[in-house]
Amino acid sequence: MDREKVMPHIAVKISSLLEGVARDLSAERKTSLDDLVGAALSEYLHSSPRRMYQISTSTALVEGVYTGSVPSSTLLENGDFGLGTFEGLDGEMVILDGEIYQAAGNVLRRSDDFLVPFASITHFREDAVVQIEKIACLKDIELACDPHRISENLFYALRVVGVFDTIHARAVHPVPQGSRLLDAAKTQLEFRFENVEGTLVCLWSPKYSSSFSVPGYHFHFISKDRTKGGHVLDCSARRLRASIQIVSEYDVRLPEAGSFLTTDLSRDPASDLAKAE
């Protein structure tokens with residue numbers, strides 16, 4: 001039977017930019033647009049919930065590479081839950097339920113398509129749930145979640161929800177291009193919120209990953225009404241619900257232009273990351 005008669009057709013609208021990229025890639029790989037789009041759609045629909053997609057590296061961030069390199073639309077194609085930052089360190093990025101928020105105390109939802117310098121994202125699917133009681137500090141959350149991480153060598157995404165008695169947060173703000181992360185951290189803004197309902201978006205990375213990720217727990221916060229947020233320094237609460245997801249696939253997208261190509265990234269960033277975080 002004729003293949004064209006049995007294959008369904010789907011008409012969709014895409015941007016002229018995406019069409020151009022698809023046609024160029026089709027010619028480069030010497031394959032039809034039908035096969036190329038079919039393969040891309042299959043990969044997206046069957047993408048593993050255990051996969052993390054990341055733009056750039058923690059080493060580049062430490063050394064002052066803050067220029068955007070990948071469109072935010074591409075970032076969201078690879079997940080719905082994560083964190084990062086913006087060009088020039090203009091606030092903390094919180095990605096929750098497929099939306100990107102720019103947090104610097106107050107929160108701005110970013111619906112435009114902009115270039116991202118550093119971010120990590122996954123399709124969040126919980127593997128375990130932990131009920132946490134009597135949280136006096138952020139460390140209590142970490143200690144409650146530790147036993148539910150099956151290995152120190154895998155990555156994890158954690159979603160922690162509830163009403164917080166207190167949140168102590170900070171946010172970086174724009175710095176001159178090339179400023180190292182430690183210098184930028186010295187001028188960060190700090191905020192304190194009380195009796196606020198919201199979500200902690202957290203990624204946990206192993207110690208060995210310091211050259212490309214942020215080792216240990218990395219918490220960002222956003223309130224339920226999406227008006228408050230930032231990088232979490234400490235918190236307290238009476239009762240919280242933590243969902244934990246195992247991540248065993250890691251896809252790092254490196255910038256192909258700009259200062260990333262010429263900056264010396266040979267230093268171990270672990271010490272600087274610990275001080276900055």
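Student: What makes Arg-23 and Glu-19 sit about one turn of the helix apart?

Tutor: Both residues lie in helix H2, four residues apart. This is a predicted model, and helix H2 spans 16–29.

Student: Why is the contact between Arg-23 and Glu-19 called a salt bridge?

Tutor: Their side chains meet at 3.1 Å, N to O. The cut-off is within 4 Å, so the pair qualifies. Side chains of opposite charge can pair when their charged atoms come close.

Student: Why does Arg-23 count as partly exposed?

Tutor: Its relative accessibility is 47%. Exposed would need over 50% and buried under 20%, so Arg-23 falls in between. Glu-19, at 33%, also counts as partly exposed.

Student: What about Arg-267 and Glu-63: which parts of the chain does the pair link?

Tutor: The side chains of Arg-267 and Glu-63 meet in a salt bridge at 3.1 Å, N to O. The pair links distant parts of the chain, 204 residues apart. Arg-267 is in the loop between strand E13 and helix H8, and Glu-63 is in the loop between helix H4 and strand E2.

Student: Is Glu-63 buried or exposed?

Tutor: Glu-63 has a relative accessible area of 15%. Buried means under 20%, so Glu-63 is buried. Arg-267, at 42%, counts as partly exposed.

Student: How do you know that Lys-139 forms a salt bridge with Glu-142?

Tutor: The closest N and O atoms are 3.4 Å apart. The limit is 4 Å, so the pair qualifies. Lys-139 and Glu-142 are three residues apart in helix H6, which means about one helical turn between them. Lys-139 is partly exposed at 46%, whereas Glu-142 is buried at 14%.

Student: How many salt bridges does the whole structure hold?

Tutor: A search finds 16.

Student: What makes Val-12 exposed?

Tutor: Its relative accessible area is 63%. The threshold is over 50%, so Val-12 counts as exposed. Val-12 is in the loop between helix H1 and helix H2. With Ile-10, Ile-14 and Leu-18, Val-12 makes a nonpolar surface patch of about 430 Å².

How values were computed
Residues numbered from 1 in each chain as written. Predicted model: local features only at pLDDT ≥ 70, side-chain atom pairs only at ≥ 80, totals over all residues. Heavy atoms only, no water. Patch = residues over 30% accessible without salt bridge, like charges linked within 9 Å, V, L, I, M, F, W, Y side chains within 5 Å. Areas by Shrake-Rupley, 256 points an atom, 1.4 Å probe, with all protein chains shown as cover. Helix = DSSP H or I, 4+ residues; strand = E, 2+ residues; numbered from the N terminus. Buried < 20%, exposed > 50% of the residue type's maximum accessible area, 1.4 Å probe, protein only.
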